[in-house]
Amino acid sequence: MAYVITDECVMCGTCEGECPVEAISEGDGKYVIDADTCVECGTCAGVCPTEAIKEA
Ligand code: SF4
């Protein structure tokens, strides 16, 4: 399963630049991860300052 970004996202944008496959984009009120593109590396979860990114 891909990673998901929860409502704890404060839209800092940190994760977007760290994703190696560019699966993260700005959504409506929070950033979103494209599940089909995500390779489940976990990099984004490690850099999120609010721990908003979880394994689905
Ligand atoms: Fe990108 Fe890796 Fe996060 Fe998936 S787990 S969105 S591939 S940084």
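Author: With accessibility: buried means under 20% relative accessible area, exposed means over 50%, and partly exposed is in between. The model is a predicted one.

Reader: Why is glutamate 16 called partly exposed?

Author: Its relative accessible area is 35%.

Reader: What does glutamate 16 touch, leaving out residues up to four places away in sequence?

Author: On that count its contacts are Ile24, Ser25 and Tyr31. A contact requires heavy atoms within 4.5 Å. Glycine 46, 30 residues from glutamate 16 in sequence, is 12 Å from it, C-alpha to C-alpha.

Reader: What makes aspartate 7 count as exposed?

Author: Exposed means over 50%, and aspartate 7 has 69% relative accessibility, so it counts as exposed. Aspartate 7 lies in the loop between β1 and α1. Its C-alpha atom is 11 Å from that of aspartate 28, which is 21 residues away along the chain.

Reader: Which label does glutamate 22 get, buried or exposed?

Author: Exposed, because its relative accessible area is 69% and the limit is over 50%. Glutamate 22 sits in the loop between α1 (14–18) and β2 (24–26). Its phi is positive, about 55°, although the residue is not a glycine.

Reader: Why is glutamate 40 called partly exposed?

Author: The relative accessible area of glutamate 40 is 43%, so the label is partly exposed; the range lies between 20% and 50%. Glutamate 40 is in the loop between β3 and α2 (43–47), and its phi, near 60°, is a positive value in a residue other than glycine.

Reader: Which residues of the largest nonpolar core touch the most other members?

Author: Ile5, Cys15, Ile24, Ile33, Cys44 and Ile53, out of 15 residues. The elements giving two or more residues to this core are β1 (3–5) and β3 (31–33). Cysteine 44 touches Tyr3, Cys15, Ile24, Ile33 and Ile53, with residues up to four places away in sequence left out. In soluble globular proteins, nonpolar side chains tend to be buried together.

Reader: What surrounds the ligand?

Author: A shell of 13 residues, the closest being Cys19, Cys38, Cys41, Gly42 and Cys44. By class the shell has ten nonpolar, two polar and one charged residues.

Reader: Where does the ligand sit?

Author: In the second largest cavity. To be placed there, more than half of its atoms must lie within 2 Å of the cavity's grid points.

Conventions
Residues are numbered from 1 along each chain as its sequence is written. This is a predicted model: local features need pLDDT of at least 70, side-chain atom pairs count only at pLDDT 80 or more; totals for chains, interfaces and linings use all residues. Side-chain values use heavy atoms; hydrogens and water are left out. A nonpolar core is a set of buried Ala, Val, Leu, Ile, Met, Phe, Trp, Tyr and Cys residues joined through side-chain atoms within 4.5 Å. Buried means under 20% relative accessible area, exposed over 50%, partly exposed in between (1.4 Å probe, protein chains only). Helices (H or I, at least four residues) and strands (E, at least two) are DSSP runs, numbered from the N terminus. A residue is near a molecule or strand if one of its heavy atoms lies within 4 Å of it. On a 1 Å grid over the protein atoms alone, a cavity is a set of points where a 1.4 Å probe fits but cannot get out, and a pocket is an open set with protein on both sides within 12 Å along at least five of seven lines; lining residues have an atom within 4 Å of a point. Ala, Val, Leu, Ile, Met, Phe, Trp, Tyr, Cys and Pro count as nonpolar, Asp, Glu, Lys and Arg as charged, and the others, Gly among them, as polar.
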